[in-house]
Amino acid sequence: GRPGVSAQTRARVLDLAEELGFHPSSAAVALSAARTGTIGIVIARDPEVITAEGFYMRTLFGVEQYLNDADGSLLLRLTGENGEDLDVYRRWARQGRVDGFILYDEHDDDPRVPLLLSMRMPCVMVTSSALDDHVGRLITPEVETVTVMLDHLNSLGHRRIAHLSGPTGYIHERVRAQMMTTEGRRRGMRMRHVEGTYSYESGAEEAHRLLTLSARSRPTALV
């Protein structure tokens, strides 16, 4: 796939490789190009939450699908939520096991960004925050999600809305809650935010508590 080779020569080499059953050694290619072709993802969440949450399953499937087409690979690690992920970033970077990282779940004063910058490791943060901190950022347009939900509930006549969120230490949760308050006010809605964890039990407990409030306080719809 490198430049400087004629189409005729390329075709002859590929035909001969197919005839001989030749496949390039990924280890040799990594030594030659100083690249592994591998992207690292480290998720600091309870594994039970990961399997119950559709977002990560769809995301990982999409990443895998792209890397498969690009003849790359994904290195995934699930860790605890008490800083264990930082050890994994350090170890993989020093061992040269990945070319870069995709980061999720940004939070205030996120230690991963300065750590990876200090090790000169490329990374992309999937986030709702457009900070200028010299890392790649894929900004999730929260406003699209919020307006679709609120317009739908508004069309059904709901005015008292409860929003059950995950931990607001995560920037995307806080951005979404703030946006729902702003957009709800524009639609004449009264928003109530309830912070929980990402577990099923937390959602069920908070939903039950909200739905057993008095008729005057009880929300008519939940997000």
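How many aromatic pairs does a search of the whole structure find? The search finds 6 aromatic pairs, where rings of Phe, Tyr and Trp (its six-membered ring) pair if their centres lie within 6.5 Å, with planes under 30 degrees apart counted as stacked, over 60 as edge-to-face and the rest as tilted.

## Basis of the model

This is a predicted model, in which local features need pLDDT of at least 70 and side-chain atom pairs count only at pLDDT 80 or more, while totals for chains, interfaces and linings use all residues. Residues are numbered from 1 along each chain as its sequence is written, and side-chain values use heavy atoms, with hydrogens and water left out.

## Aromatic pairing

Tyr 56 and Tyr 104 form an edge-to-face pair, 5.8 Å centre to centre with 75° between the planes. Tyr 56 lies in helix 4 (residues 54-69) and Tyr 104 in the loop between strand 3 and helix 6, so the pair ties together parts that are 48 residues apart in sequence; helices (H or I, at least four residues) and strands (E, at least two) are DSSP runs, numbered from the N terminus. Both Tyr 56 and Tyr 104 are buried (under 20% relative accessible area, with exposed over 50% and partly exposed in between; 1.4 Å probe, protein chains only).

## Nonpolar cores

A nonpolar core is a set of buried Ala, Val, Leu, Ile, Met, Phe, Trp, Tyr and Cys residues joined through side-chain atoms within 4.5 Å. In the largest one, of 16 residues, Tyr 89, Phe 101, Leu 103 and Leu 116 touch the most other members. Helix 5 (84-95), strand 3 (100-103), helix 6 (112-118) and strand 4 (123-127) each give two or more residues to this core, and the largest share, 5 residues, comes from helix 5.
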